[in-house]
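Hello,

Here is the structure I promised to pass on to you. Have a look at it first, and then read my notes below.

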Amino acid sequence: MRTISFLCMTLLISLVASGQHPDTNTKPKIALLGTFHFGGSTDIAGIVMQEVAGEKRQTEIQQLVDRLKAYEPTKILVEYPLKRQDTLQKRYQDYRSKTFELPLSETYQVGFRLAYQLQHDSIYAIDHKMDMPFEQVLKYCEEHNSMDRFQAIVDYAKSYTAHETEVLKQMQLAPFLRRMNNEASDKEGNGLYLRELLDIGDSENEVGAAVNAVWYQRNMIILKNITQHIQGPDERVLVILGAAHRAILMDFFKNRTEYDIVEIGDYLE
């Protein structure tokens with residue numbers, strides 16, 4: 001085993017020393033647009049955008065699409081179950097033929113519109129749904145007289161999303177999303193899992209770690225689903241998904257040195 005490990009390390013050092021690593025100028029580019037769910041969320045709390053179908057917000061959605069077009073994506077990937085790719089593609093083709101009315105979700109309002117205006121033939125699903133074991137956390141807190149800790153997490157989520165809902169009422173959509181797509185927001189999104197939830201449990205029942213494990217597993221699979229759509233160095237992939245997914249995926253991609261990560265927030269000014 002030591003011999004194998006030594007040989008692998010020697011090979012790695014040799015490749016780096018000889019310059020056999022991806023050229024920065026030829027790497028595929030990936031941009032992650034983290035967003036709230038336009039059509040409402042099934043989570044315990046969510047940012048709400050009023051009158052998504054109204055003239056004001058529809059104009060802002062088109063402005064958002066126009067700014068995203070400047071990134072010149074070659075493929076658009078959306079938070080939609082991979083196993084339902086055929087359904088997603090059928091709806092997109094129906095939209096292109098003007099026989100499908102767009103639902104309120106960002107998948108359609110942004111993803112479909114952008115793909116259509118860029119004359120893409122396809123749009124791609126990359127999500128992998130998994131049941132998060134939050135009920136284990138609730139049960140643990142009930143059994144250990146620590147419901148105050150659980151309630152504090154719920155209260156924080158509701159307070160944060162209520163505040164952001166009020167901010168959104170006063171802002172246009174593109175600059176609002178720019179606020180959600182930066183390093184500070186990513187750290188805040190990851191913190192809820194890695195700080196509050198992870199600390200719940202004990203050596204006999206690590207319920208907080210269990211929730212984190214499922215969350216990481218789901219996003220690891222999303223990561224794999226994203227990378228399978230990257231076919232060459234000229235790819236400029238845009239992924240549209242929930243801001244919490246973006247936060248963890250940005251960390252993952254920072255360790256995938258074969259890709260260039262583009263901050264999509266820079267296009268939303």
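Let's begin with the strands: strand 2 (residues 75–81) and strand 4 run parallel and are joined by four bridges. Helices (H or I, at least four residues) and strands (E, at least two) are DSSP runs, numbered from the N terminus, and two strands pair if DSSP finds at least two bridges between them. L77 stands opposite V239 in strand 4. Strand 4 also pairs with strand 1 (residues 29–35), in the parallel sense, over seven bridges; there, T35 has G242 of strand 4 as its bridge partner.

A word on the source: this is a predicted model, where local features need pLDDT of at least 70 and side-chain atom pairs count only at pLDDT 80 or more, while totals for chains, interfaces and linings use all residues. Residues are numbered from 1 along each chain as its sequence is written, and side-chain values use heavy atoms, leaving out hydrogens and water.

Is strand 4 enclosed or open? Six of the seven residues of strand 4 (residues 236–242) are buried, so this strand is largely enclosed by the rest of the structure. Buried means under 20% relative accessible area, exposed over 50%, partly exposed in between (1.4 Å probe, protein chains only).

Now the rings. The structure holds 13 aromatic pairs; rings of Phe, Tyr and Trp (its six-membered ring) pair if their centres lie within 6.5 Å, and planes under 30 degrees apart count as stacked, over 60 as edge-to-face and the rest as tilted. Y193 and W215 are a stacked pair, 4.7 Å centre to centre with 0° between the planes.

Enjoy exploring!
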